[in-house]
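The following exercises guide a reader through a structure, step by step. Each task is followed by a worked solution.

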Amino acid sequence: MPSRSLTDAFKSHPVHLDHPKHLDFSSLQELPDSYAWTQPEEKYNPCSGEEKFGSESVPIIDLNDPNALKLMGHACKTWGAFQITNHGIQKELLDDIETTGRSLFSLSSEQKLKAARSPEGVSGYGLARISSFFSKLMWSEGFTIVGSPLEHFRQLWPQDYNKFCDIIEEYETVMNKLAGRLMWLMLGSLGISKSDIKWSTPKGEFKGASAALQLNSYPACPDPDRAMGLAAHTDSTLLTILYQNNTSGLQVRREGTGSWVTVPPVPGALVINVGDLLHILSNGLYPSVLHRAVVNKKLHRLSVAYLYGPPASVQISPLSRLIGPGRPPLYRPITWNEYLGTKSKHFNKALSWVRLNKHNHNTVEVG
């Protein structure tokens with residue numbers, strides 16, 4: 001079972017956090033010092049007051065556009081992220097998943113902690129796993145789902161758990177189908193065909209693909225200029241599909257400029273970003289986008305990320321069609337399980353530890 005192997009990978013690399021497991025954000029009128037980040041390079045927070053999205057953000061691609069494959073390839077190479085419309089996911093289901101998140105995070109701390117994630121686990125309520133790499137706390141809380149949420153949801157909603165379980169199951173099903181469709185569009189723009197991917201079926205299905213669902217809550221913050229919702233990171237996935245409510249907060253690092261660009265919420269749209277494993281598959285042609293979440297003084301933000309990866313035991317390496325004279329493979333073969341272990345030790349420097357013919361592990365190599 002894919003979810004079991006993914007769970008086993010996290011069990012092999014437990015995260016021990018010295019931080020408190022919960023905080024009643026709504027009761028705070030001032031930002032505690034433990035949540036105050038210093039950002040000398042980035043004083044301006046576009047969500048602290050008036051919002052400025054600038055003249056350019058990630059592309060918005062209509063999946064019904066005949067040029068969608070070409071547009072997606074260009075977006076992957078230049079941004080590592082884009083938004084999609086006409087993706088086939090019903091608005092009612094997006095509303096339902098948002099309602100599920102709001103219901104979950106509005107529970108009391110005592111109730112949420114009944115479904116707390118264990119140090120060696122992946123599923124459940126708690127702080128972001130990347131919290132262990134930072135001395136300051138992030139102004140957010142999360143809930144991770146791998147496989148069935150039944151056990152945890154029974155603890156959270158003794159009476160209504162079936163309703164919420166059904167929503168999660170339906171959401172995971174349609175997201176899995178969409179992720180497979182997006183994979184072929186993103187790979188197809190590189191000239192990759194079904195025969196090039198050994199772990200896909202003749203019909204192009206990625207059998208045994210692993211996935212996790214991450215619900216994130218970013219409460220209104222009394223001092224958003226000094227707080228951080230989720231620190232800058234890349235995803236250890238092939239790709240991530242993100243639904244965000246109508247409150248802004250997601251930012252991506254623009255390749256080549258080093259500037260942070262806000263990804264404004266677009267009604268009905270989903271945000272797609274390239275993960276570390278797709279960066280490896282593409283032999284560095286698609287950058288694994290660095291992204292973060294900032295917070296808002298007045299508005300609560302909710303997001304739901306579908307984290308999509310290969311079967312846990314499949315070796316991921318640059319595709320042979322993308323290797324040739326003058327274009328040697330940039331990365332050694334690695335399974336998702338192994339890469340998660342590397343990421344748990346080296347965080348945003350993980351890719352450089354997988355890169356071939358590199359003796360310097362001080363920076364993340366992205367192309």
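At 1% relative accessibility, Cys-221 counts as buried; buried means under 20% relative accessible area, exposed over 50%, and partly exposed in between, with a 1.4 Å probe and protein chains only. The model is predicted, so local features need pLDDT of at least 70 and side-chain atom pairs count only at pLDDT 80 or more, while totals for chains, interfaces and linings use all residues. Residues are numbered from 1 along each chain as its sequence is written, and side-chain values use heavy atoms, with hydrogens and water left out.

**Exercise 1. Strand E4 and its sheet**

Task: Determine how many residues of E4 are buried, and which strands stand at the edges of the sheet.

Solution. Step 1: 5 of the 5 residues of E4 are buried, so the strand is largely enclosed by the rest of the structure. In a regular strand the side chains alternate between the two faces of the sheet. In E4, Glu-141, Phe-143 and Ile-145 point one way, and Gly-142 and Thr-144 point the other way.

Step 1: Two strands pair if DSSP finds at least two bridges between them. E3 and E4 run antiparallel and are joined by 3 bridges, with Tyr-125 opposite Phe-143. E4 and E5 also run antiparallel, joined by 5 bridges. Across this second pairing, Thr-144 stands opposite Gln-214, and Glu-141 has Ser-217 as its bridge partner.

Step 2: The open sheet has 8 strands in the order E1-E2-E10-E7-E12-E5-E4-E3, with mixed pairing. E1 and E3 stand at the edges with a single partner strand each, so one side of each is left without a neighbour in the sheet. From one strand to the next, the twist averages 25°; axes are lines fitted to C-alpha atoms, for helices over the stretch in contact, and angles run from 0 to 180 degrees between N-to-C directions.

Step 3: Contact means heavy atoms within 4.5 Å. Leaving aside neighbours within four places in sequence, Phe-143 is in contact with residues including Leu-104, Tyr-125, Phe-153 and Leu-213.

**Exercise 2. Salt bridges**

Task: Count the salt bridges, and explain why the one between Lys-343 and Asp-276 ties together separate parts of the sequence.

Solution. Step 1: Side chains of opposite charge can pair when their charged atoms come close. A salt bridge is a side-chain nitrogen of Lys or Arg within 4 Å of a carboxyl oxygen of Asp or Glu. The structure holds 8 of them.

Step 1: The side chains of Lys-343 and Asp-276 meet in a salt bridge, at 2.7 Å from N to O. Lys-343 lies in helix H8 (residues 336-346) and Asp-276 in helix H7 (residues 276-281), so the pair ties together parts that are 67 residues apart in sequence. Both Lys-343 and Asp-276 are buried.

Step 2: Another salt bridge joins Lys-136 to Asp-33, where the closest N and O atoms are 3.5 Å apart. Lys-136 is partly exposed, at 24% relative accessible area, whereas Asp-33 is exposed, at 60%.

Step 3: In the salt bridge between Arg-321 and Asp-196, the closest N and O atoms are 2.9 Å apart. Arg-321 is partly exposed, at 47%, and Asp-196 is buried, at 16%.

Technical notes. Helix = DSSP H or I, 4+ residues; strand = E, 2+ residues; numbered from the N terminus.
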